[in-house]
Amino acid sequence: MNSKIMNSKNIPADLSYFRLALLAFLQESHPHLADDEKFIAARTEIALDAYEQSVRNGDNPVEAAYAANEALYNGLHFSRHDTLVSILWNEFSNEVPENRARETAIQLLPACESVFAQYPLSDDFAYEPAYELLYTELTGTIAMLIDNEQSVIFNS
């Protein structure tokens, strides 16, 4: 496999280009996966393979980069973490300062997993009608945690 490729701006790139792009995305939207080296390595390889296959098929570098990004981020467009951050910003700004929302979302995720499990989450889920139901149910779950003071998350 050729590890030297051109990215969408015709700048030489290699596996590290895809790795760094994925890592930055995971740190922001899927922090629970940011330390999963096997996952990151596998996705990086898949993205490189998609890029190379696209080039072999005659696509230009922009089209090849698009194919690589599709492979790199497949199944990661919907983020439980980002959903919780959005709820904290929109519904609980008095309880959780904006600068603590990301950290708080990480702490809340385990308590909210049972809610997420009730929905068929996919890359496009945020655009489906069921997203509003999930948002409402998560808002209620977080409100109960605050009201019942079952969590030290909101007491610090």
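Reader: Which residues have the most contacts inside the largest nonpolar core?

Author: A nonpolar core is a set of buried Ala, Val, Leu, Ile, Met, Phe, Trp, Tyr and Cys residues joined through side-chain atoms within 4.5 Å; buried means under 20% relative accessible area, exposed over 50%, and partly exposed in between (1.4 Å probe, protein chains only). The largest such core has 23 residues, and those with the most contacts inside it are Leu84, Leu88, Phe116, Leu134, Leu138 and Ile142.

Reader: Which helices each supply at least two residues of this core?

Author: Helices here are DSSP runs (H or I, at least four residues), numbered from the N terminus. Those that each supply at least two residues of this core are α4 (80-91), α5 (101-116) and α6.

Reader: On what basis are these values given?

Author: This is a predicted model, in which local features need pLDDT of at least 70, side-chain atom pairs count only at pLDDT 80 or more, and totals for chains, interfaces and linings use all residues. Residues are numbered from 1 along each chain as its sequence is written, and side-chain values use heavy atoms, with hydrogens and water left out.

Reader: With which residues is leucine 134 in contact, leaving aside its neighbours within four places in sequence?

Author: Contact means heavy atoms within 4.5 Å. Leucine 134 is one of the residues with the most contacts inside the largest core. Its contacts, with those neighbours set aside, are Phe78, Val115, Phe116, Tyr119, Leu121 and Phe125.

Reader: How many aromatic pairs does a search of the whole structure find?

Author: Rings of Phe, Tyr and Trp (its six-membered ring) pair if their centres lie within 6.5 Å; planes under 30 degrees apart count as stacked, over 60 as edge-to-face and the rest as tilted. The number of pairs found in the whole structure is eight.

Reader: What kind of pair do tyrosine 17 and phenylalanine 18 form?

Author: Tyrosine 17 is partly exposed, at 34% relative accessible area, whereas phenylalanine 18 is buried, at 3%. Their ring centres are 5.3 Å apart and their planes lie at 75 degrees, so the pair is edge-to-face.

Reader: What is the distance between the end C-alpha atoms of helix α3?

Author: The expected span of a helix is 1.5 Å times one less than its number of residues. Helix α3 (residues 61-73) has 13 residues and should therefore span 18 Å. In agreement with this, its end C-alpha atoms are apart by 18 Å.
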